[in-house]
Amino acid sequence: MTQGNGTKVTEFYLLGFGGQQQFWSVLFIVFLVVYMTSMVGNTGMILLINTDSRFQTPMYFFLKHLALVDICYTSAITPKMLQNFMVENKSISYRGCLLQLLVYAIFATSDCYLLAAMAVDRYVAICKPLHYPIIMSRTVCILLVAGSYLMGSINASVHTGFTFSLSFCKSTNINHFFCDVPPILALSCSSTDINIMLLVVFVGFNLTFTVSVVIFSYICILAAILKMSSAAGRKKTFSTCASHLTAVTIFYGTLSYMYLQPPSERSQENMKVASVFYGTVIPMLNPLIYSLRNKEVKEAIKMKAKKFF
């Protein structure tokens, strides 16, 4: 895309965490450990689900794809962030920036819909247990996952296409540690009214729809649990949802904070912090949440560990 003076933009510069240069080495080590933990945890979760017959259920089918999505979107942004902690030249090519935004947006959006699908799965399992095998059939599960990736692809294509159709003349310095829509729009000398409208509409719809599905599912689940006469039964039933509810709360809370706060100088810095948590920490937390709070997973991990050690 051209700048205002007619020259072609070939690269951008990621400013990242410019004010904390004295801590870059420490941050590099911290985020490298977080990233490696995330990769090992999510890859291990996928392998565990694929190799253990106990996990051939809809819930673990969704969890496997959630782990894959976490790997993809954290890998879209974290390696470049780690590289920029160690080098002076923090440039990213125009195409590289476009590709980073596209991949990140596809899988981050898919994550929203997968979490909603998992909420539906828990609703059917608890509220309609006799019809669970029929309602949550293999075909339905595949369609829900495919729909999640489709919505992610549509959302990412729209934002990436409209964002990189703009002209950039103010600067090529992106005030972020990866290529995201709001900081790129800040560089444009073209009108960004359509882009902002699309951001509000698409992000608003994706959040509103998926959060509504989650809330409706858990209202029904809570009603079903409260109707149970046994305290032990209520505790056991709720424990099957605890991991998902924890992951949902962290994920949607961070995402809402990132994209739905009013624009300001302060909000840009806050968004960086939230983005770090969302893009690097949450993908690490998900496998920990689903393993530490899941008896079946912990037992399977122990059995696999005994085979190797």
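How much accessible surface does the protein chain have, and what share of that surface belongs to carbon and sulfur atoms? I found about 15,200 Å² for the chain, with 69% belonging to carbon and sulfur atoms. I note at the outset that this is a predicted model.

**Entry 1: the chain as a whole.** I looked up the secondary structure and found ten helices and three strands. Along the sequence, I read the elements in the pattern β-α-α-β-α-α-α-β-α-α-α-α-α. I then turned to burial: of the 309 residues in the protein chain, 48% are buried. For contacts with a separation of 6 or more, I recorded that 78% join residues 24 or more positions apart.

**Entry 2: the sheet.** I looked up how the strands are arranged. They form an open sheet of three strands in the order E2-E1-E3, and the pairing is mixed. Strand E2 (91–93) and strand E3 (173–174) each have a single partner strand and stand at the edges, so one side of each is left without a neighbour in the sheet. I followed the pairing of strand E1 (residues 11–14) with E2, which is antiparallel and runs over three bridges. Within that pairing, I noted Ser91 of E2 as the bridge partner of Tyr13. I also checked what lies on the sheet: H3 packs there and touches E1, E2 and E3. The direction of H3 makes about 85° with that of E2.

**Entry 3: the nonpolar core.** I asked which residues have the most contacts inside the largest nonpolar core. They are Phe12 and Phe251, in a core of 84 residues. Helix H3 (residues 94–127) supplies the largest share of this core, 19 residues. I then listed the contacts of Phe251, leaving aside its neighbours within four places in sequence. Phe251 touches Tyr73, Ala108, Asp111, Cys112, Leu115, Tyr278 and Ile282.

**Entry 4: helix H5.** I compared the length of helix H5 (residues 138–163) with expectation. At 1.5 Å a residue, its 26 residues should span 38 Å, and the end C-alpha atoms are 37 Å apart, which agrees. I next looked up which residues of H5 are buried, and these include Cys141, Val145, Ser148, Gly152 and Asn155. Further along H5, I recorded Ala156, Val158, His159, Thr160 and Thr163 as buried too. Against which helices do the buried residues of H5 pack? I found helix H2 (58–86), H3, helix H6 (181–185) and helix H7 (193–226).

Key:
Residues numbered from 1 in each chain as written. Predicted model: local features only at pLDDT ≥ 70, side-chain atom pairs only at ≥ 80, totals over all residues. Heavy atoms only, no water. Core = buried A, V, L, I, M, F, W, Y, C linked by side-chain atoms within 4.5 Å. Buried < 20%, exposed > 50% of the residue type's maximum accessible area, 1.4 Å probe, protein only. Helix = DSSP H or I, 4+ residues; strand = E, 2+ residues; numbered from the N terminus. Contact = heavy atoms within 4.5 Å. Pairing = 2+ DSSP bridges. Axes fitted to C-alpha atoms, helices over the stretch in contact; angles between N-to-C directions. Areas by Shrake-Rupley, 256 points an atom, 1.4 Å probe, with all protein chains shown as cover. Expected span 1.5 Å × (residues − 1).
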